[in-house]
Every structure is written in C-alpha cells, then in structure tokens.
Amino acid sequence: MATARGDLTDEEWSLIEPHLPLGERGPISDLRQQFNAVMRRLRAGSPWRDLPAE
C-alpha cells in the first residue's frame with residue numbers, strides 16, 4: 001500500500017489497530033486507509049469532498 005505524507009507508519013498502526021472495533025460483519029479490510037483519511041481530514045481541516053478519492 002502506498003502511503004501519503006502524514007499517514008501512519010506500520011509501527012504506529014500496530015499500536016492503534018488492536019484498540020479499534022470490528023465491523024458488524026468482522027474486520028474491515030481497508031480500516032487503515034479509512035483511519036488515515038480521517039486523520040488527514042482533521043489535520044488539514046478540509047471538507048470531505050476535498051479529500052483524495054483513494
């Protein structure tokens with residue numbers, strides 16, 4: 001997976017992931033990508049529509 005500037009490192013993700021809830025039907029396959037998008041949104045203060053499509 002390509003990482004963008006400011007995305008979590010593998011080490012940081014390994015500390016956070018165990019504390020996140022499972023989806024209704026089990027693990028969420030792209031949870032790290034979603035988490036990075038939320039963090040990017042909070043850092044930049046940009047509207048959701050301004051986030052990259054990926």
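Author: Let's start with a side-chain pair: Asp7 and Arg40 are joined by a polar contact of 3.0 Å. Keep in mind that this is a predicted model.

Reader: Thanks! Where is Asp7 found?
Author: Asp7 sits in the segment before α1, the helix of residues 10-16.

Reader: And is Asp7 buried or exposed?
Author: Asp7 is buried: its relative accessible area is 14%, and buried means under 20%.

Reader: Which residues does Asp7 touch, leaving out those up to four places away in sequence?
Author: Those are Glu12, Asn36, Arg40 and Arg43.

Reader: Back to the pair. What kind of interaction do the side chains of Arg40 and Asp7 meet in?
Author: They form a salt bridge, at 3.0 Å from N to O. Arg40 belongs to helix α2 and Asp7 to the segment before α1, so this pair ties together parts that are 33 residues apart in sequence.

Reader: Nice. Does Arg40 count as buried or exposed?
Author: Arg40 counts as buried, with 18% relative accessibility.

Reader: How many salt bridges does the structure hold?
Author: There are 2.

Reader: Which side chains besides that pair, then? I'm curious about Asp10.
Author: The side chain of Asp10 meets that of Arg32 in a salt bridge, 2.9 Å from N to O. Asp10 lies in helix α1 and Arg32 in helix α2, so the pair ties together parts that are 22 residues apart in sequence.

Reader: What about accessibility for Asp10 and for Arg32, buried or exposed?
Author: Asp10 is exposed, with a relative accessible area of 59%. Arg32 is buried, with a relative accessible area of 14%.

Reader: Let's switch to α2. How many residues does it have, and how far does it reach?
Author: Helix α2 covers residues 31-44, which is 14 residues. From its first C-alpha to its last it reaches 20 Å, close to the 20 Å expected at 1.5 Å a residue.

Reader: Which residues of α2 are buried?
Author: Arg32, Asn36, Ala37 and Arg40 are the buried residues of α2. They cover an arc of only 140 degrees around the axis, so they are on the same side of α2.

Reader: And what do the buried residues of α2 pack against?
Author: They pack against α1.

How values were computed. Residues are numbered from 1 along each chain as its sequence is written. This is a predicted model: local features need pLDDT of at least 70, side-chain atom pairs count only at pLDDT 80 or more; totals for chains, interfaces and linings use all residues. Side-chain values use heavy atoms; hydrogens and water are left out. Helices (H or I, at least four residues) and strands (E, at least two) are DSSP runs, numbered from the N terminus. Buried means under 20% relative accessible area, exposed over 50%, partly exposed in between (1.4 Å probe, protein chains only). A polar contact is a pair of N or O atoms within 3.5 Å; within protein, one must be able to donate a hydrogen and the other to accept it, and residues adjacent in sequence count only if both atoms are side-chain atoms. Contact means heavy atoms within 4.5 Å. The expected span of a helix is 1.5 Å times one less than its number of residues. The arc is that of the directions from the helix axis to the C-beta atoms. A salt bridge is a side-chain nitrogen of Lys or Arg within 4 Å of a carboxyl oxygen of Asp or Glu.
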